[in-house]
Amino acid sequence: MFNLLLCVIIGILVYLVPHSLSPQAWGLFSIFIATILGIILRPYPMGAVTLMGLCVAVLTGVFDLQTEALSGFSSPIPWLVVMVFFVSRGFIKTKLGLRIAYNFINLMGKRTLTLGYSVALSDLLIAPFVPSNTARAGGIMLPIVKSMCAALDSTPTANASLGRYLMQVMFQSNVITSALFLTSCAVNPLVQKFALDLGIQITWGNWFLGSIVPGLCALFVMPLLIMVLAKPEIKVLTGAKEYAQKELRDLGSMSTKEWLMSGIFGIMLTLWMFEGYFHVHTATVAFFGVALCLICDIITLEDMLAEKEAWHTLIWLSILITMSTYLQKFGFITWFVGSLAGLTQGMTGMQTLVILSLLYFYSHYFFAGNTAQVSAMYAAFVGVCIAAGAPPLLTVLVLGYCSTLFSSMTHYGTACAPMVFAQGYMSLKTWWRIGLVFSIFNLCIWGGIGSVWWKIVGIY
């Protein structure tokens, strides 16, 4: 039935739409939309839906099996996600994650809200030094938050609302801190390069000058907003501090494997922090960390095979990356950008910037990751805005901030999103609902408070 739905949608769209693009481009767009629809409606598990979409793409000739259909499985991003799952397993097995979590709860565990703020503050403190939001969320914060949930007896099937709250705070804080610093997300230097190619210099200083007020305001309000959107049933954690202190006493001194896990984590963190100096890809660091965990007998091959959600995520994320990549290669994104640019004719520079920023932001529903969209659309949108008379520095910064903030919307919009979603604390409907609200929230904070601040500091 689902395959039939895909074929019907492909046929209708290819027949009705203008033929300025190849049938391949329109066919892939149809399959992509139908696949996303299937993911939302969930007639089958997500991996099964994406596999059906890929199958239809091959059978209808949209993809060649040997050269195109499986290309997403060679992308480092899905494998980075899988490796981070395995490293997280090491935190759990050694109980190092629990030890860190109990210390957090001991310090700020009187209320669920203050615990949420401790997660957001931790992310803020490490964000300038870890240039990969995926490494920061998946490799550092996720094991800690998972351990917090375990320590507070929150699982996807019992007391899930507490875990849902903490997971969303962790994810949304990662999105905001990724926009705060030029060095806190791998896509930001790409934005910097495209801006420089257009003759506009983005520095660490002017990026942070523009982001500090709206970013900190958003980070402060965010845990409160999630308290409303993902309302935890328990708001006052009665006895949590005393419980954490007791558990820390029971854990005793750190074991040999905890020290080994700490050392491996330290090595990974150093390589992630100084990625530009060592020239080691984020995914390579994750593979290296898993190899060290295996050598030190922290995790086993059986542990890796048992991580079902890691392998499930590998399937659906790789396929979505394939579709997203070939929407660009087949020319659909270029046509889409050109069509949107034509809508702004006759508008002022500021009007053009506002309209194209919104279109750029919500176009992220079509992309599985930040880099693909920035590569395809950023320079073109900046060029159109500046040609219409928008202030150059304001334009590159606004679209630059959007290049990370739009990640809040979907469970595939950035590489760390699948890791958080796979924990099972929230349904797809809940994730997309919260994501939509946060897209509006971020646009209001950054576009409202931000525009006033940018005027004050002379960015425009």
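Q: Which helices each supply at least two residues of the lining of the second largest pocket?
A: They are helix H19 (349-362), helix H21 (392-405) and helix H23 (428-456), where a helix is a DSSP run (H or I) of at least four residues, numbered from the N terminus. This is a predicted model in which local features need pLDDT of at least 70 and side-chain atom pairs count only at pLDDT 80 or more, while totals for chains, interfaces and linings use all residues. Residues are numbered from 1 along each chain as its sequence is written, and side-chain values use heavy atoms, without hydrogens and water.

Q: What makes a residue part of the lining of the second largest pocket, and which lie nearest its centre?
A: A pocket is an open set of points on a 1 Å grid over the protein atoms alone, fitting a 1.4 Å probe, with protein on both sides within 12 Å along at least five of seven lines; a lining residue has an atom within 4 Å of a point. The second largest pocket has 18 lining residues, and Val354, Ser357, Val398, Gly447 and Trp454 lie nearest its centre. About 320 Å³ of space lies in this pocket, volume being the space filled by probe spheres set on the points.

Q: How do the lining residues of the second largest pocket divide by class?
A: There are 14 nonpolar, four polar and no charged residues. Ala, Val, Leu, Ile, Met, Phe, Trp, Tyr, Cys and Pro count as nonpolar, Asp, Glu, Lys and Arg as charged, and the others, Gly among them, as polar.

Q: What is the space in the largest pocket, and which residues are closest to its centre?
A: The largest pocket holds about 640 Å³. It is lined by 28 residues, with Ile77, Ala186, Asn370, Thr371 and Ala372 closest to the centre. Its lining has 14 nonpolar, 13 polar and one charged residues, and H17 gives the most, with five.

Q: How is the packing of H5 and H15 described?
A: Two packed helices are described by the angle between their axes and the distance between the axes. For helix H5 (residues 76-94) and helix H15 (residues 282-295) these are about 30° and 9 Å. The axes are lines fitted to C-alpha atoms over the stretch in contact, and the angle, on a scale from 0 to 180 degrees, is taken between N-to-C directions.

Q: Why is the crossing of H5 and H15 called left-handed?
A: A crossing is left-handed if the near helix is turned anticlockwise from the far one by less than a right angle, and H5 passes H15 in this way.

Q: Why is Asn174 called buried?
A: Buried means under 20% relative accessible area; Asn174 has 0%, so it is buried. Asn174 is found in helix H9 (residues 160-180). Beyond its neighbours within four places in sequence, Asn174 has contacts (heavy atoms within 4.5 Å) with Asp123, Asn133, Arg136, Ala137 and Cys416.

Q: Is Thr313 buried or exposed?
A: Thr313, in helix H17, has 1% relative accessibility and therefore counts as buried. Thr313 and Met419 are 106 residues apart in sequence and 7.9 Å apart, C-alpha to C-alpha.

Q: Why does Lys95 count as partly exposed?
A: Partly exposed lies between buried and exposed, the latter being over 50% (1.4 Å probe, protein chains only). Lys95 has 44%, so it is partly exposed. Lys95 has a phi near 70°, a positive value in a residue other than glycine.
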